[in-house]
Amino acid sequence: MQNHQREHLYKILVIGDLGVGKTSIIRRYVHQNFSSHYRATIGVDFALKVLTWDSDTIVRLQLWDIAGQERFGNMTRVYYREAVGVFIVFDVTRPSTFEAVMKWKEDLDCKLAFPNDAPVSIVLLANKCDQGKDVLMNNGIKMDQFCKENGFVGWYETSAKDNINIEEAVQCLVKHIIASENGLMQSADPDVVKPQMNSSRIISCSGCFKS
């Protein structure tokens with residue numbers, strides 16, 4: 001008997017201040033390479049990654065690389081549309097980029113509204129951990145508590161240069177998206193409504209909180 005695999009296309013945003021390593025993270029994950037000489041993204045760029053999630057499921061991730069200065073523009077509403085998952089990235093060696101995390105999240109919450117007002121699944125990336133942990137250590141930030149209080153489904157220390165925790169962070173985010181989609185489909189009456197990912201809700205997973 002022929003095996004019919006289900007295919008899912010998920011739009012994932014990668015946002016955060018200028019120079020935190022968003023493009024490097026995407027290129028490390030998609031192309032398995034790293035350069036310290038990327039030019040700043042202008043506007044938006046995107047890359048596609050295809051995952052064999054399990055024997056029955058193919059996941060196509062459309063990773064949208066949003067320029068760091070875009071939070072101050074009017075185009076983010078257009079860029080955010082139909083996204084079902086988000087990475088917010090900060091640079092562990094630059095405290096100001098961590099301070100900007102909640103500004104990005106507030107911008108996202110204002111502009112990406114689902115029909116049932118449920119929040120999108122967001123994973124926080126503490127990037128450039130190969131260079132130090134100044135923000136996390138010197139300021140005594142309790143990241144697990146910060147994420148739980150502010151609606152992040154998890155967080156990871158990452159390094160695009162050394163390829164640390166990027167794969168794990170993506171697995172965490174996709175796991176939440178699929179769980180949200182399945183939870184919605186199980187609860188919906190098929191005779192009344194056709195489920196959509198834009199009605200997703202967060203399914204908490206304490207195992208996703210990793211340092």
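Ground rules for my own use. I'm working on a predicted model, where local features need pLDDT of at least 70 and side-chain atom pairs count only at pLDDT 80 or more, while totals for chains, interfaces and linings use all residues. Residues are numbered from 1 along each chain as its sequence is written, and side-chain values use heavy atoms, with hydrogens and water left out.

**Cavities**

I found two cavities of 30 Å³ or more in the structure. A cavity here is a set of points, on a 1 Å grid over the protein atoms alone, where a 1.4 Å probe fits but cannot get out; lining residues have an atom within 4 Å of a point. The volume is the space filled by probe spheres set on the points, which are joined across faces, edges and corners.

For the largest cavity I listed Val14, Ile25, Ile26, Tyr29, Leu63, Phe87, Ile166 and Val170 as the lining. Two elements give two or more residues to that lining: helix H1 (22–31) and helix H7 (166–187). H1 has the largest share, three residues. My helices are DSSP runs of H or I with at least four residues, my strands are E runs of at least two, and both are numbered from the N terminus. By class I get eight nonpolar residues, no polar and no charged. Nonpolar takes in Ala, Val, Leu, Ile, Met, Phe, Trp, Tyr, Cys and Pro; charged is Asp, Glu, Lys and Arg; the others, Gly among them, are polar.

The second largest cavity comes out at about 30 Å³. Its lining is Ile12, Leu61, Leu63, Phe87, Val170, Leu173 and Val174. Strand S3 (57–66) and H7 each give two or more of these residues, and H7 has the largest share with three.

**Surface**

Next I checked Cys110, which sits in helix H4 (residues 101–111). Is Cys110 buried or exposed? I put Cys110 down as exposed, because its relative accessible area is 61% (exposed is over 50%, buried under 20%, partly exposed in between, with a 1.4 Å probe and protein chains only). Cys110 and Arg77 are 33 residues apart in sequence, yet I get 8.8 Å from C-alpha to C-alpha.

Last, I looked at Leu9, in strand S1 (residues 6–16). Leu9 counts as exposed because its relative accessibility is 57%.

How values were computed:
On a 1 Å grid over the protein atoms alone, a cavity is a set of points where a 1.4 Å probe fits but cannot get out, and a pocket is an open set with protein on both sides within 12 Å along at least five of seven lines; lining residues have an atom within 4 Å of a point.
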